[in-house]
Amino acid sequence: MYAKCGSLDSARNVFMGMPRRDVISWNAVISACTLNGHREEALDFFDRMHGEGFKPDEVTFVCALDACASLAAIEKGIEVHAAIVESGYEDHMIVATSLVKMYGKCGKLDDARSVFNRMPKRNKISWSAMMSACNQNACPKEALNLFTEMQHNRIEQDQVAFVCALDACAILADLEQGHKIHAAIVREGYEDHVVVGNALVNMYGKCRSLEDARNVFQRMPYRDVISWNAIIAVCSQNVQSRLALDLYDQMRREGFKPGAVTFVCALEACASLVDLEKGQEIHGAIVHGGCDGEIIVGTALINMYGKCGILEDARNVFNRMVCRDVVSWSAMIAACVLNNDAKKALDLFNQMQCNGFMPDQFTFACALDACASLAALEKGQEIHAATIKAQCEGQVVVATALVNMYGKCGSLEDARNVFDHMPHRNLVCWNAIIAACARNGHGIEAIELFKHMQCCGFKPDGATFLSLLAACSHSGTVDEARHFFKSMTEHHGLTQNVEHYLCLIDILGRAGHLKDAEDFINDMPYEKETRVWLSLLWHCQIHGDMERGIRAARHALNSDPRNATAYVLLSNIYAEAGTREA
DNA sequence: TTAGGGTTAG
């Protein structure tokens, strides 16, 4: 009773004061500890019980396994498994199901599978435990196969089985399969179940179908905080951050109390919108709601302040954190890199290791970014060696960061070497190697890689074309640059942004095609930024085109009347014209 | 006194 009322102390006191105890009293205290989140203590009681000569029964084992699962304590879990085999409980359905869950949570899918396959009797709960283990261990296809097998074996598919199936579709981003399972949910009458609704919202979000996700959310007859968290996260993940923040406000108006996860999702939206004001407001709500001690909230705040350019506030949050982990350290390192303090980033990278945290793939990637922005080749090589030691160098984020680092440090051969040895590649690393070639003056190689990338089935994005234009700028092929620029819209369904325009203006300018550059600026479909005119002005000065230079300067000063660069360039033009006349 | 499910940070 005490345990269920949340009073572990009273439960423990009653247990300690008992003149005689039996297995049931031990089970009760172990279960009380687990129920109140004291998993280590539960395992201590499990050991003491053993030591005092009591024989654990199926209930004891289930409670102990639950504690191991929550702690991801695999060694202890294996020990409990051995005791189960010794006591002859391995064939007990509930015990075996708990073993499946424990192995799944500890990342041991093979062991979960072998327990499941050896079970003499299974019910729907055992099946969904196995599906869940597959989802947690990157085998969503296997989870869906189990779901189908359940049907063949005429095992009842209840709401939990459907939720596991939806989860698998979410991981696979398989919208078609998700729609089919949604239809089956409606057929079976589970659509009003709140957890099913939440899983549907999440699945549609992960499948990039925001419209479906919003429809499900709007039709939900009951919602809880997780439903709101899910829809806010989905909007933020699908480039609808403003909408995410509107929903955050709406949630509060409707009387739901935001929790740590809500704050994390809302802060992510502020970060991508660079909305400092809203971020600060949410920071206030976090303190008010007593969530500021949560590690994920602290990390999300560091990220938000970092992306909003307020490194000092990110630092303050980081310094005040009671508890830190690899993710929060990496967030702080990333914030420094983003705000041009790469030296501090590398200091933190060292400090983190002195504090006993092992860098993971993301930390290495941040540290390598820091080296890249400092062009610190030696430090980059040192970190490269550390990634090899940590067996991280093949991971796509690390390898991409290495390609980028070597590219920016002028060591194209090393960049190419890392790229060629990558076991898996994505668009980002293709862009990194193309950019590395372009930056180091290997324009032809960049264009060859671009063709190769398409042969491998990757579709270029805006960043790819920016690098290609940079490549053309080095090799001086104006026609090729024009071709790439045009093909963005004509063949690849992309829209050019101001960076693409600037790049082409630069290429035209360098080649002395000043009239083309000017026409091109005039044809730009959106507002001309000062730097566009400055670029033209610069090239006019180089080529001594006074008339056009003056026009460009006028435009530049029109949009920014106090622009010093414009005055300097313009006076250079006058001076040069004067010299020539004299 | 015992088993499965939904949101989340770099």
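**Reading the structure term by term**

Analyst: Gladly! Chain A has 34 helices and 0 strands, where helices (H or I, at least four residues) and strands (E, at least two) are DSSP runs, numbered from the N terminus. This is a predicted model, in which local features need pLDDT of at least 70, side-chain atom pairs count only at pLDDT 80 or more, and totals for chains, interfaces and linings use all residues. Residues are numbered from 1 along each chain as its sequence is written, chains are lettered from A and ligands numbered from 1 in the order in which they are written, and side-chain values use heavy atoms, with hydrogens and water left out.

User: What does the C-alpha trace of chain A span along its principal axes?

Analyst: The span is about 115 × 50 × 50 Å. The accessible surface of chain A comes to about 28800 Å², and 51% of that belongs to carbon and sulfur atoms. Such areas come from the Shrake-Rupley method with a 1.4 Å probe; for residues, only the protein chains shown count as cover.

User: Why is S227 called buried?

Analyst: Buried means under 20% relative accessible area, exposed over 50%, and partly exposed in between (1.4 Å probe, protein chains only). S227 has a relative accessible area of 1%, so the residue counts as buried. S227 is found in helix α14 (residues 225-237). Not counting residues up to four places away in sequence, S227 touches V194, N198, F217 and M220, contact meaning heavy atoms within 4.5 Å.

User: And why does S126 count as buried?

Analyst: Because its relative accessibility is 1%, S126 counts as buried. Its place is helix α8 (residues 124-136). Leaving aside neighbours within four places in sequence, S126 is in contact with M93, T97, F116 and M119.

User: What makes the pair S126 and T97 a polar contact?

Analyst: A polar contact is a pair of N or O atoms within 3.5 Å; within protein, one must be able to donate a hydrogen and the other to accept it, and residues adjacent in sequence count only if both atoms are side-chain atoms. The side chains of S126 and T97 are joined at 3.3 Å.

User: Why is E480 called partly exposed?

Analyst: E480 has a relative accessible area of 30%, so the residue is partly exposed. E480 sits in helix α29 (residues 478-492). I447 and C472 are in contact with E480, leaving aside its neighbours within four places in sequence.

User: What does the largest nonpolar core contain?

Analyst: The largest nonpolar core has 196 residues, and I181, V201, I231, I282 and I302 have the most contacts inside it. Such a core is a set of buried Ala, Val, Leu, Ile, Met, Phe, Trp, Tyr and Cys residues joined through side-chain atoms within 4.5 Å. I282 touches L245, Y248, F263, A266, L267 and C270, not counting residues up to four places away in sequence. In chain A as a whole, buried residues make up 46% of the 582 residues.

User: Which residues come nearest to DNA strand B?

Analyst: Of the 49 residues around DNA strand B, the nearest are K101, S128, N198, N229 and I296. A residue is near a strand if one of its heavy atoms lies within 4 Å of it. A polar side-chain atom of K101 lies 2.5 Å from a phosphate oxygen of DNA strand B. A polar side-chain atom of D224 lies 2.6 Å from a base nitrogen of DNA strand B.
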